[in-house]
Amino acid sequence: MTTIVYNAKSRSMLSDSRAFSGSRHPIGAKKKIHRIEAGKYRGSLLGVSSGVPGMNEFVTQWVTGGMSKEAFGTNEPDFEALLVKVDGSRFFFNNSPYPSGPIEADFIAIGSGCEYALGAFRAGADTLGAVNVAIECDPFSEPPIVTLQLDKSDANQPSMIGRVVRLFRKYRGTATQ
């Protein structure tokens, strides 16, 4: 159903794109890794693998909303997920809204192709090569490969452009000639 990997040294998360139909046949491509755009996990990377159509999107919204137990509701957890916070700490979810971690590992793989990716990486492949091997071996993983880079800056800080604009507005007209 998925191959998702994270390389702590390169701070990159990669995945395949096969869309799962709830049965064995593919129905196209979809995004399986996400950059959280809001909330307390803003800037974090999230990869989600599930055999339940729509669970990927639900888990992404749940993490964006802060991961409260109440917000998870009565949904039956049927997913694996990897959350990498902006500081690089890594957390693993396996059929539960409660994460395990932080996990200390240079390379983490989840999904149906995880064994292939991990084996390829341990045999000397780079991160992209490991995902390619998993796609070749796992019938539930397909290209294209998607890559996200974990930003090194604090995602909760105002952007540099925003700071420059505020400084310009604050000191506009105060320069002397």
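Predicted model: local features only at pLDDT ≥ 70, side-chain atom pairs only at ≥ 80, totals over all residues.
**Entry 1, A81.** I started with A81: leaving aside neighbours within four places in sequence, A81 is in contact with L46, G47, V48, F91, F92, F93 and I110 (contact being heavy atoms within 4.5 Å). A81 sits in strand β7; helices (H or I, at least four residues) and strands (E, at least two) are DSSP runs, numbered from the N terminus. I found A81 buried, at a relative accessible area of 0%. My cut-offs are under 20% relative accessible area for buried, over 50% for exposed, and partly exposed in between, with a 1.4 Å probe and protein chains only. I also looked up A81 against S50: they are 31 residues apart along the chain, and their C-alpha atoms are separated by 8.6 Å.

Residues are numbered from 1 along each chain as its sequence is written, and side-chain values use heavy atoms, with hydrogens and water left out.

I have five helices and 10 strands in the protein. Of its 177 residues, 40% are buried. Among contacts with a separation of 6 or more, 57% are between residues 24 or more positions apart.

Which residues of the largest nonpolar core touch the most other members? I get L46, V59, V63, F79 and L83, out of 15 residues in that core. A nonpolar core here is a set of buried Ala, Val, Leu, Ile, Met, Phe, Trp, Tyr and Cys residues joined through side-chain atoms within 4.5 Å. At least two residues each come from β6 (45-49), α1 (55-64), β7 (80-84) and β8 (90-94). The biggest contributor is α1, with four residues. Apart from this core I found another, of 12 residues, including I4, A8, I33 and L150.

I then listed the contacts of L83. Not counting residues up to four places away in sequence, L83 touches Y41, S44, L45, L46, V63, M67, S89, R90, F91 and F93.

In α3 (residues 114-122), the buried residues are C114, A117 and A120. Seen down the helix axis, they fall within an arc of 135°, so they line one face of α3; the arc is that of the directions from the axis to the C-beta atoms. On the other side of α3, I noted E115 and R122 as exposed. The cover over the buried residues includes β1 (4-7), β9 (107-110) and α4 (127-137). After α3 comes G124, with a positive phi near 115°.

Closest to its centre, among 15 lining residues, are F20, K30, S50, V52 and N56. For the record, on a 1 Å grid over the protein atoms alone, a pocket is an open set of points where a 1.4 Å probe fits, with protein on both sides within 12 Å along at least five of seven lines, and lining residues have an atom within 4 Å of a point.

Which strand gives the largest share of the lining? That is β3, with three residues. Both β3 and β6 supply at least two residues. By class I have seven nonpolar, five polar and three charged residues in the lining. Ala, Val, Leu, Ile, Met, Phe, Trp, Tyr, Cys and Pro count as nonpolar, Asp, Glu, Lys and Arg as charged, and the others, Gly among them, as polar.

S17 is in the loop between β2 (12-15) and β3 (18-20). Buried or exposed? S17 is buried, with a relative accessible area of 3%. Beyond four places in sequence, its contacts are G28, A29, K30, K32, E142, P143, P144 and V146.

Most residues other than glycine have a negative phi, and most peptide bonds are trans, so I checked for exceptions. The peptide bond from P143 to P144 is cis, with omega near 5°; P144 lies in the loop between α4 and β10 (146-149). Another cis bond joins G101 and P102, with omega about 10°, and P102 is in the loop between β8 and β9.

R11, in the loop between β1 and β2, has a positive phi near 55° and is buried at 17% relative accessible area. N95 also has a positive phi near 55°. I place N95 in the loop between β8 and β9, where at 40% relative accessibility it counts as partly exposed.
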